[in-house]
Amino acid sequence: MDFTFTEEQVQIRDSLRRFLTETYTLDRRRAIARAGTGCDPEIWRQFAELGILGLGIPQPLGGIGGDAFDALVVMEELGRALVIEPYLSTALVCAGILVRAGSPAQQQLLAGVATGENRLALAHDEPDSRWRLDAVATRATRKGASWVLNGRKAMVPDGAGADHLVISARTESGVSLFLVPGASEHMTRTALMSHDGSSVAEITLEGLRVPADALIGVEGGGLPLVEAASHVAVAGLCSEAVGAMDALLALTLAYVKTRRQFGVPIGSFQALQHRMADMLLHAELARSMSYLASAKLGVRSVGERRRAISAAKFLVGRSARLVGQEAVQIHGGMGVSEELATSHYFKRLTLINASFGDMDHHLEQFAAATTAELHSAALTTIHSTPATRRSVPDSRSPQARPGR
Amino acid sequence: MDLNFSAEEERFRSEVRAFVAAKLPAAIRDKVLGHKRLEREDFLTWVRILNTRGWVAPSWPRRFGGQEWDPARQLILEEECALAGAPPVLSFGPRMVAPVIMTFGNQAQQEYFLPRILNGEHWWCQGYSEPGAGSDLASLKTRAERRGDTYVVNGQKTWTTLAQYADWIFCLVRTSQEGRPQAGISFLLIDMKSPGITVRPIVMLDGEHEINEVWFDNVEVPVANRIGEENAGWTYAKFLLGHERVSNAALGPSKRALRELKAIAAATPSGGGRPLIEVPRFRDRIAEVEIDLMALEVMVLRVIAMDRERHTPGPEASLLKLQGSQIQQAISALAMEALGPYAALHQPLALSAGWTGSSAGPPLGLGITGRYFNYRKVSIYAGSNEIQRNIIARHMLGL
Ligand SMILES: Cc1cc2nc3c(=O)[nH]c(=O)nc-3n(C[C@H](O)[C@H](O)[C@H](O)COP(=O)(O)OP(=O)(O)OC[C@H]3O[C@@H](n4cnc5c(N)ncnc54)[C@H](O)[C@@H]3O)c2cc1C
């Protein structure tokens, strides 16, 4: 067991934090949000220089080959600075898919990801899918040497500005993934604004024709790739939320020490002290779960990975809600004004919860994964001799429900 | 014991319902129900329509143009209007400054101001809070110096709701530094057109302009616009706080929001084939907040009955405000969650009346997340929930 970060990780953290503190001010962020593109080219170039864009890409493919905890460190800092750039989509989620399953030709894009030339986005969710990974209605049909795609993709994070999209579609043999240039004929991308300043896209595919080699991995093999990518996304979002909660807690703590009412700092009121103690508790629980999520990204057992990821996303969502709401409340009127960073953290934390599955979704996933394990354990018990019996997994399901 | 409204009250409810159905302009109703931005004229149009029936402030005494309704009728009126999608009649005029003018103002003030509240000629805003004086209101610093027949006012108010629309502002100002902070405060009525007043917008977290800073730079206010005695303003302000009772429970708006929440959940696919409202995990949470709302409603009726008996408002208003605000927040959170991934959509252009484009996302989704963000305010304003708990602890529990 070891909870220390490596020297390199500390270095990444420090240099990224320094850069963001100096550059990524609230005003700069406002300007990026107003522009509606969700990405500031200058910031992106600096990300490339700092080396973080190549973190999820092995060296032979042009990256620097980091692990899940390197990503965690970066995402925490991005959360702390409220960064809205498409880092998660590009450098972790989509790069991860191409590293895992891309053809050598497709993987050539990755060097450009590391240098900041290529931005990527995953177009998977659909208007009616509500985060269910297998609810893919978009179709891909084979026409000679090409595939023709028809369907709609909804709320695609960073989808409008991406140079390439990873699009999921159903073929005869199941869900498959395709790598498609962002500017393609018969594909309409509508850029929409998110409440947190980032950019999302609605995408319509009407006879989009792509060559056979646009297929990523094998036909029908898309779902496990999407699931792995969504686990990477969840772990990233959890780390981001932890960074945001850290910053918000620090802001709130500073506020209660300086804001005076009734002749004393409001931090001297026990009612507020207790609430801040709870905020700290929940932020620390979230940090613990974000570590767990990142640690489990690499485990081979899908069931174990699913349980950890859903547990983390649920708990982090609950913490994020509590910490966000309380921070606003404790700031009084200042908390609901746009002027302070407080409300921006609150909004981002709220929307992290609505990204890659909310609390209800992951509670259900966790419960389902737990039940599935119990079933298979029970079967093992029946069919195996006592000597080879597997231990029954921990069957405690969380009774705690989201506080409201 | 009888928890029902009387037959007479039920008849009255039908009357209100028919009136609102016939008179509420569809364009205004659609804005309210569709979470679009309301303009000054929308509020005023509705006030003028209500005034044709004497329903702007029907609980006022008859001699001031009211009908001396009891709170039960008032509740029915507010609820029916809210459910039908009418804009709220804002408290600042009829339920805040008016009772103060009636009780502590002189005859000239009563004759001038009260009719203009009823007919919508005067839009009032509330100038209490300052940057340094929120929960601790008595520490306010805006000063009024007496020069002959006028006060010269200097200072700053903040968080002033809809001051950008207001014709008049009622202010607490400091007229003396002597004694306890509460002792040196006076209650002034100030014309917003007075030279020296500047209104600066504060953008809220949902991106909307609802509150303001109001600056006073050597603003001259006739002494005739002071309510009651100099330095006795705190007493009047406290009186006013006791008057804002039942509306803070927000029963009508919460019932409307609950109805809308169910409609959203029924129209939202859960990803598993059935609508979200049939998913037990979500349905149960709607049920829970509905049960909370039922309890609050009965509690409101009990408080109304208590007030009838003892003729003075008690501290129970704090219970109503506390729980009323929590229910408003809970419903707005559920509605946002119901939208799933679409909760993120921010479409400020689509909120304006002139918008003719289409909006993205589910049809019932517009403005829902913005409201969740905006409604964090309801546990902060009108006495934060911490302050309400302090009041409950002190005045109901004797701690
Ligand atoms: C949307 C909105 C509209 C408003 N409209 C108006 C208006 O029209 N006119 C007007 O005059 N004012 C208005 N207000 C101001 C409102 O009344 C104040 O925001 C409120 O009184 C809280 O004051 P504050 O913001 O200064 O917070 P503070 O008083 O600084 O409070 C900060 C935090 O400390 C807590 N706190 C303070 N004292 C205690 C204590 N003794 N014990 C425990 N906790 C405590 C508070 O609950 C809060 O959580 C509005 C506010 C909002 C948000």
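Residues are numbered from 1 along each chain as its sequence is written, and chains are lettered from A in the order in which they are written. Because the model is predicted, local features need pLDDT of at least 70 and side-chain atom pairs count only at pLDDT 80 or more, while totals for chains, interfaces and linings use all residues; side-chain values use heavy atoms, with hydrogens and water left out.

Rings of Phe, Tyr and Trp (its six-membered ring) were paired if their centres lie within 6.5 Å, with planes under 30 degrees apart counted as stacked, over 60 as edge-to-face and the rest as tilted. This rule gives 25 aromatic pairs over all chains. One of them joins Tyr112(B) to Phe113(B) in an edge-to-face arrangement, at 4.8 Å centre to centre and 80° between the planes. Burial was assigned by relative accessible area (buried under 20%, exposed over 50%, partly exposed in between; 1.4 Å probe, protein chains only). Tyr112(B) is partly exposed at 35%, whereas Phe113(B) is buried at 3%. Phe113(B) also pairs edge-to-face with Trp168(B), at 4.9 Å and 80°. Helices (H or I, at least four residues) and strands (E, at least two) are DSSP runs numbered from the N terminus. The second pair links distant parts of chain B, with Phe113(B) in helix H6 (residues 107-118) and Trp168(B) in strand E4 (residues 168-174), 55 residues apart. Trp168(B) is buried, with a relative accessible area of 7%.

A charge was placed over a ring if NZ of Lys or CZ of Arg is within 6 Å of the ring centre and within 35 degrees of the ring normal. Arg73(B) lies over the face of Trp69(B), 5.6 Å from the ring centre, and the charged end of Arg146(B) sits over Tyr151(B), 5.8 Å from its ring centre.

With a disulfide defined as a pair of cysteine sulfur atoms within 2.5 Å, the structure holds zero disulfides over all chains. The sulfur of Cys171(B) is 7.3 Å from the closest cysteine sulfur, in Cys125(B), which is too far for a bond. Cys171(B) is buried, with a relative accessible area of 1%.

In chain A, eleven of the 13 residues of H4(A) are buried, so this helix is largely enclosed by the rest of the structure. The buried residues include Asp70(A), Leu72(A) and Arg80(A). Just after H4(A), Leu82(A) takes a positive phi of about 55°.
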